[in-house]
Amino acid sequence: MDLRIQEAIANLDVVRLTETFLSSWQTLGQGEQKALSSCFVRTVLASSNFLKIALNKSNDRTYHSALQVFKTALSNLPSFIENGGDNKLREAIFEHLVELDEYREAANILAGYRFDDDENSPYYSTPDIQTDIYVKVAECFLNEDDIVEADTFVSKAGASAQLLSTSNNNVNDQGRDKNTESEDSVSFEGHYSIILRYKSTYARVLDANRKFLAAAGRYYDLSVLGRLTDMIDADDLLEFFGRAVTCAILAPSSSHRKRILGMLYNDERVSQLDTIGHFASHSSILTKMYMEQIIRRDHDMITFENSLADHQKAVMGDGLTIFQRAIIEHNMVAVSRIYSNIHLASLAVLLSLSPEKTEKVACKMILDGSLVASIDQVDGMLYFDQNEEKHGEKLLEWDSAISGFCTQINYVVDSIRQKT
């Protein structure tokens, strides 16, 4: 039987392999299946052209049959293959499928990569290799918009990346959410490329999961930390910065969001966004957001809305899109800076909502602490607590000053590192 497999691979005979691994596979015993799978892996690795010819999409039927043969063999292996040959084959198949834009199939193949903590095992892998594999799988699932699987593997990548840590001196902790603080100890020393890829993928997963505030912090960190190496082009760093602005604008109203907006607004690169087509109106919207000015549906707002990705345009349970809700909540806060009280009917006109929905939005913001106010339902009035808001403004100013100071410290450290 081994000889048949070797001959089939040598002759590029996918039909014959299909008969063995698909048609008559269930008639074989488990031990024989493992032996044949092991022989298949070793023989394919020894062949210089079988993989690329078998997985050639010009013949769709042969391609799918060959892919199924590979899957069957790789899922029926003994406890180990000499020199971890199955891992090498998985990587080779993965790279080939990525070239064919078959991201889901590529991810599923590489997801079966075997790891072992025993240094004497053929499957022993260092943390950087583990991180690299998990990030590749997560990236492919992201390309297929499979956020659940991408989240699973980027979490595994985070656990592996944690093992790379020797210190946390190089990590900026601005914009973290409480569930990801532990990842900040990941060191960039000696592992720039893989760590930056991991953080980029993690930021994209947060973005896709609509955790916009956490994503904004992650994107901003990338735009700053990327300066520590020449592995990322200046245009890509600006792209990360622009994404940070997008996510910060879409995030729910809160003091944390206000801090992130201030950090972005005070960044010297904000004016450069105007030169990039899909970020053309971002600086304008960011300025109005941070300065707490009322945002009306003008050209800048429409341009910004058109630049959003599909998942950022999703309609929520209240019938509003994510951006509409963000603008409404922002305008509610902006109105509180102008008026001490206002009729709900008048506020509804300003927000382009019905009085009933305006009251619901106000109630939600009051309950979550993003708006300091009270509602008189009898008179249909909304009263803003100016004293509390002024106190909050002072705290935010202090917080923003501290954030700005920390950012400047990062720049100084960056300069010192580059000189040494």
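In the predicted model, Lys288 is buried, its relative accessible area being 18%. The side chain of this residue meets that of Asp298 in a salt bridge, with an N to O distance of 3.2 Å. Lys288 belongs to helix α14 (residues 282-290), whereas Asp298 is part of the loop between α14 and α15 (299-306), so the contact ties together parts that lie 10 residues apart in sequence. Asp298 has a relative accessible area of 26% and is partly exposed. Because buried means under 20% relative accessible area and exposed means over 50%, Lys288 at 18% is classed as buried, and Asp298 at 26% falls in the class between.

The closest N and O atoms of Arg337 and Glu292 are 2.7 Å apart. Glu292 is buried, with a relative accessible area of 18%, while Arg337 is partly exposed at 28% relative accessibility.

Helix α16, which spans residues 322-338, is made up of 17 residues. From its first C-alpha to its last, α16 reaches 25 Å, close to the 24 Å expected at 1.5 Å a residue. Of the 17 residues in α16, 13 are buried, so the helix is largely enclosed by the rest of the structure. One of the residues of α16 is Glu329, which counts as buried at 3% relative accessibility. Glu329 forms a salt bridge with Lys364, and the closest N and O atoms of the two are 3.2 Å apart. Lys364 lies in helix α18, and the pair links distant parts of the chain, 35 residues apart. At 38% relative accessibility, Lys364 is partly exposed. Elsewhere, salt bridges with shared partners join Glu95, Asp132, Lys136, Glu139 and Arg197 into one network. In total, the structure holds 18 salt bridges.

Helix α18 (residues 355-367) also lies across strands β2 and β3, and runs at about 140° to β2. These two strands belong to an open sheet of 3 strands, arranged in the order β1-β3-β2 with antiparallel pairing. From one strand to the next, the twist averages 20°.

The pairing of β2 with β3 (residues 381-384) is antiparallel and extends over 4 bridges. Within this pairing, Ala373 has Phe384 of β3 as its bridge partner, and Ile375 stands opposite Leu382 in β3. The hairpin formed by β2 and β3 has 4 residues between the strands, and Gly380 in this hairpin takes a positive phi near 65°. β3 also pairs with β1 in the antiparallel sense, over 3 bridges. His343 stands opposite Met381 in β3.

Technical notes:
Residues numbered from 1 in each chain as written. Predicted model: local features only at pLDDT ≥ 70, side-chain atom pairs only at ≥ 80, totals over all residues. Heavy atoms only, no water. Pairing = 2+ DSSP bridges. Axes fitted to C-alpha atoms, helices over the stretch in contact; angles between N-to-C directions. Contact = heavy atoms within 4.5 Å. Expected span 1.5 Å × (residues − 1). Buried < 20%, exposed > 50% of the residue type's maximum accessible area, 1.4 Å probe, protein only. Salt bridge = Lys/Arg side-chain N within 4 Å of Asp/Glu carboxyl O.
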